[in-house]
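Let's take a friendly walk through the charged side-chain pairs of this model. Have the sequence and the 3D view at hand as you read.

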Amino acid sequence: MSTKNLLAMSLLSACLAWTSCGNNKKQTADNSSPETETAVQSEYVDVDVLLDGAEQHVGQTIAVEGVCTHICQHGGRKIFLMGSDDTKTIRVEGGKVGKFDAACVNNLVQVKGTLCEQRIDEAYLQRWEAQVAAQTAEKHGTTSAGCDSEKKARHETGNSPTERIADFRARIAKQEAETGKAYLSFYYIEAQAYDVAK
C-alpha cells in the first residue's frame with residue numbers, strides 16, 4: 001500500500017474516532033450504558049484533530065494522545081502534549097490525577113479528561129494588569145516572562161507581562177474585527193486518567 005493511502009487511512013481513522021467520541025457524549029446524556037462509553041473512549045485522537053474541533057467539544061470527556069514536551073516544575077500538576085509540531089500543543093491539568101510522573105516527558109502520553117475552554121478578554125487582561133501592579137500575579141516558569149511551554153501553546157510573543165498583555169490586546173482586537181468575538185479561546189484538558197505509552 002502506498003504512503004499516500006496509508007496517510008489517508010490514518011486521517012480517516014482519526015476523524016472517525018473523533019466523531020465517535022463526540023457521538024458518545026450525546027449517547028451518554030441519553031442514559032446509554034457505561035459499557036458503550038468505555039468502548040468508545042478507548043480510541044485516542046491526536047492533538048491536531050482535537051484542536052481543530054475543540055470548540056464543539058468543550059465540556060465533553062475526550063481521549064487524546066501526544067508527545068509530552070514539558071512537565072510543570074512547580075508540583076508536576078501540568079503537562080503539555082504536542083501534535084504534529086510545536087505549534088499544535090495543548091495543556092493538560094492534573095485534575096483528578098494530581099501530579100504527573102516525570103516519565104511523561106519526551107514520551108507518548110494518553111490522556112482521558114474533560115476538554116475546557118479558557119477565554120481571554122479585556123476583563124481578564126485588566127485583572128492581570130492589577131495583579132502585576134500589586135505584585136500578586138501567579139508565577140509560572142523560571143522568569144517573569146512566564147512558562148515557555150504555556151506561551152508556545154497560546155502562540156505568545158511577549159517577553160514580559162506588559163508585552164504579553166499588549167500582544168493579547170492586539171490579537172483580541174484583530175479577532176473582534178474579523179469574527180465579532182472580543183476574546184481569545186484557549187483549550188486545555190482536566191485529566192481524569194493518563195498513561196505513558198510504552
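Glu-150 and Arg-91 join their side chains in a salt bridge, with 2.8 Å from N to O; the term covers a side-chain nitrogen of Lys or Arg within 4 Å of a carboxyl oxygen of Asp or Glu. This pair links distant parts of the chain, since Glu-150 lies in helix α5 (residues 148-153) and Arg-91 in strand β4 (residues 89-93), 59 residues apart. Helices (H or I, at least four residues) and strands (E, at least two) are DSSP runs, numbered from the N terminus. Glu-150 is buried at 11% relative accessibility, and Arg-91 is buried at 11%. Here buried means under 20% relative accessible area, exposed over 50%, and partly exposed in between (1.4 Å probe, protein chains only).

A word on the source: this is a predicted model, in which local features need pLDDT of at least 70 and side-chain atom pairs count only at pLDDT 80 or more, while totals for chains, interfaces and linings use all residues. Residues are numbered from 1 along each chain as its sequence is written, and side-chain values use heavy atoms, leaving out hydrogens and water.

Next, look at Glu-129 and Arg-169, whose side chains meet in a salt bridge of 2.9 Å, N to O. Glu-129 sits in helix α4 (residues 122-134) and Arg-169 in helix α6, 40 residues apart, so this pair too links distant parts of the chain. Glu-129 is partly exposed at 33% relative accessibility, and Arg-169 is partly exposed at 29%. Salt bridges with shared partners also join Arg-91, Glu-93 and Glu-150 into one network.
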